[in-house]
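This report goes through a single protein chain, from its overall build to individual residues. The sequence and the coordinates come first.

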Amino acid sequence: MSQLSREACEACRKGAPTVSEAEIALLKPEIPQWKIVERDGIMQLERAFTFPDFKQALAFTNRVGAIAEAANHHPALLTEYGKVTVTWWSHKIKGLHRNDFILAARTDEVAN
């Protein structure tokens with residue numbers, strides 16, 4: 001279990017600050033396989049996970065859904081045959097919050 005994944009998520013309220021470039025530089029090495037993408041001006045964390053079949057991809061989707069529900073923080077999940085793309089960002093602040101990095105680390109753990 002990574003140090004980042006053990007951190008508690010904090011309630012993210014509208015107007016909370018997004019992570020700074022300095023914070024990203026510290027957090028990103030904890031989740032090296034995640035990409036930072038920008039869509040419609042919103043920074044997001046994204047990673048595609050591969051599986052041998054749809055059944056295993058769907059089971060992973062459900063495990064990610066469970067950690068999302070537990071944290072009350074929900075990603076975009078695209079489940080395909082043998083592949084699940086997970087995208088984390090904080091909707092309320094239209095960008096990345098520390099919570100997104102924490103949940104990305106937890107996602108990596110449920111993938112293993």
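Helices and strands are DSSP runs numbered from the N terminus, a helix being H or I over at least four residues and a strand being E over at least two. The model is a predicted one, in which local features need pLDDT of at least 70 and side-chain atom pairs count only at pLDDT 80 or more, while totals for chains, interfaces and linings use all residues. Residues are numbered from 1 along each chain as its sequence is written, and side-chain values use heavy atoms, with hydrogens and water left out.

**Overall build**

The protein has 4 helices and 4 strands. Read from the N terminus, the order of elements is α-α-β-β-α-β-β-α. Along the principal axes, the C-alpha atoms fill a box of roughly 40 × 30 × 25 Å. The radius of gyration, taken over C-alpha atoms, is compared here with a globule rule of 2.2 Å times the number of residues to the power 0.38. For 112 residues a compact globule would come out near 13 Å, and the protein has 13 Å, so the two agree.

A contact means heavy atoms within 4.5 Å. Among contacts in the protein with a separation of 6 or more, 66% join residues 24 or more positions apart.

For charges, Lys and Arg count as positive and Asp and Glu as negative, with His and the chain ends not counted. Each charge is placed at NZ of Lys, CZ of Arg, CG of Asp or CD of Glu. The protein has 14 positive and 14 negative charges, and their mean positions are 3 Å apart.

**The nonpolar core**

In soluble globular proteins, nonpolar side chains tend to be buried together. A nonpolar core is defined here as a set of buried Ala, Val, Leu, Ile, Met, Phe, Trp, Tyr and Cys residues joined through side-chain atoms within 4.5 Å. The largest such core has 25 residues, and Ile31, Trp34, Leu45, Val86, Trp88 and Phe101 have the most contacts inside it. Two or more residues each come from helix H2 (21-27), strand E2 (42-50), helix H3 (54-71), strand E4 (83-88) and helix H4 (98-111).

Beyond its neighbours within four places in sequence, Leu45 contacts Ile31, Trp34, Lys35, Ile36, Val86, Thr87, Trp88, Leu96, Asp100, Phe101 and Ala104.

| Pair | Residues apart along the chain | C-alpha separation |
|---|---|---|
| Ala68 and Leu103 | 35 residues | 7.6 Å |
| Leu4 and Arg106 | 102 residues | 8.3 Å |
| Arg47 and Asp100 | 53 residues | 12 Å |
| Asn112 and Gly15 | 97 residues | 35 Å |

Leu4 belongs to helix H1 (residues 3-6) and is buried, because its relative accessibility is 3%. Apart from residues up to four places away, Leu4 touches Leu27, Glu30, Ile31, Arg98, Phe101, Ile102 and Ala105.

Ala68 is part of helix H3 and, with a relative accessible area of 1%, is buried.

Arg47 sits in strand E2. Although charged by the convention above, Arg47 is buried, with a relative accessible area of 15%. Neighbours within four places aside, Arg47 is in contact with Gln33, Trp34, Val84, Thr85, Val86 and Asp108.

Asn112 is in the segment after H4. Its relative accessible area of 83% makes Asn112 exposed.

**Positive phi in two loops**

Asp40 lies in the loop between strand E1 (35-39) and E2. Its phi is near 55°, a positive value in a residue other than glycine, and Asp40 counts as exposed because its relative accessibility is 81%.

Lys94 is in the loop between E4 and H4. Phi of Lys94 is positive, at about 55°, although this residue is not a glycine. At 55% relative accessibility, Lys94 is exposed.

Terms used. Buried < 20%, exposed > 50% of the residue type's maximum accessible area, 1.4 Å probe, protein only.
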